[in-house]
Amino acid sequence: MIIDTHAHFYFPEILDNIDEIIDNASKAGVEKIIIPAVDLRTCDVILELTSKYKMLYAALGFHPGDIKEMNESDFIILESLLKENKVVGIGETGLDYYWDKTYIEKQKEFFSIHLELAVKQGLPVIIHTRDSVADSIEIINGYRGKVKAQFHCFSGTEDELDKIISCESFFVSYCGNITYKKFEGIGLVEKTPVGKMLSETDSPFLAPMPHRGKKNQPAYVVDTIKKISKIKNIGEEELIAQLRKNTEVVFPGIFK
Ligand SMILES: [Zn+2]
């Protein structure tokens, strides 16, 4: 059974068809789906969805692209929400230097607060990076052995990948873009041991081939897994079993 560790279910294109999308996921062999938040509004939407749908689980936190207008007091509310049922992680947090470089210091500060919360609550963190892997590693290095982390939709250098996978509690995941002809990170996937990988879609973004151009959904995770099985030269069944085992390590909360 497959776990989609990263799907943004609060976009209208998913919300408007949620029953169908969940049905498609089940039929494709998807057992559980983790929905990461980006701000307080999405935290609320996610908690409502996870209370309604058995296979959905929540990760709550603030996306680096959404924190510009936030302040530290928002973490007081966040911390209280982390105690809710079916919250299995913190995120997505991290650093994004691609869209806006004007508040990098604030991004770093917020990322650190998420990590402190993760230690305090004993929850794993979901990390978003864009043009910012080196700084993200520098910050999370202070938490080696203290937090479990998923570097989601990973892209970086092989050297950066080495630094991440050398830590027992850090994992990486790849999205549907690894199926695109022009994808330049095949070397990263080759280099990542299957014991350090998680599965995800980043729905509704980055639909894998042959669904490229459509809105992504958890059912399509099978196409990304197929691609990984080819790159890693490992049987699909064996890969799925390993990915599930890894998910049990990082997100034990979804198996309780
Ligand atoms: Zn995301």
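**Entry 1: the zinc site**

I started with the spacing of the residues that donate to the zinc ion, which reads H-x1-H-x83-E along the sequence. I kept in mind that this is a predicted model. The protein donors turned out to be His6 and His8, each through NE2, and Glu92 through OE. They lie 1.9 to 2.1 Å from the zinc ion. I also looked up burial here, and both His6 and His8 are buried.

**Entry 2: strand β2 and its neighbours**

Next I turned to strand β2, residues 30-36. I found 7 of its 7 residues buried, so the rest of the structure largely encloses this strand. On one pairing, β2 runs parallel to strand β1 (residues 2-4), with 3 bridges between them. I picked out Ile3, whose bridge partner in β2 is Lys32. β2 also runs parallel to strand β3 (residues 56-60), this time through 4 bridges. There, Pro36 stands opposite Ala59 of β3. I then followed the chain from β2 through helix α3 (residues 40-52) into β3, a β-α-β crossover that is right-handed.

How many disulfides does the whole structure hold? My search came back with 0. I had a friendly look at Cys153 anyway: its closest cysteine sulfur is that of Cys175, 3.0 Å away, so the two are too far apart for a bond. The cut-off is 2.5 Å between sulfur atoms. Cys153 counts as buried at 18% relative accessibility, and Cys175 is buried too, at 1%.

**Entry 3: salt bridges**

I counted 10 salt bridges. In one of them, Glu31 meets Arg244 at 2.8 Å, N to O. This pair links distant parts of the chain, 213 residues apart, with Glu31 in strand β2 and Arg244 in helix α10 (residues 236-250). Arg244 is partly exposed, at 24% relative accessibility.

Another salt bridge joins Lys120 and Glu79, with their closest N and O atoms 2.7 Å apart. Lys120 sits in helix α5 (residues 104-121) and Glu79 in helix α4 (residues 74-81), so the pair ties together parts 41 residues apart in sequence.

Lys108 is partly exposed at 23%, whereas Glu105 is exposed at 57%. Last, I noted that salt bridges with shared partners join Glu31, Arg244 and Glu248 into one network.

How values were computed
Residues are numbered from 1 along each chain as its sequence is written. This is a predicted model: local features need pLDDT of at least 70, side-chain atom pairs count only at pLDDT 80 or more; totals for chains, interfaces and linings use all residues. Side-chain values use heavy atoms; hydrogens and water are left out. Donors are N, O and S atoms within 2.8 Å of the metal (3.2 Å for Na, K and Ca); water is not among the atoms, so sites may look incomplete. Buried means under 20% relative accessible area, exposed over 50%, partly exposed in between (1.4 Å probe, protein chains only). Helices (H or I, at least four residues) and strands (E, at least two) are DSSP runs, numbered from the N terminus. Two strands pair if DSSP finds at least two bridges between them. A crossover is right-handed if, with the strands pointing away from the viewer, the path from the first strand over the helix to the second runs clockwise. A salt bridge is a side-chain nitrogen of Lys or Arg within 4 Å of a carboxyl oxygen of Asp or Glu.
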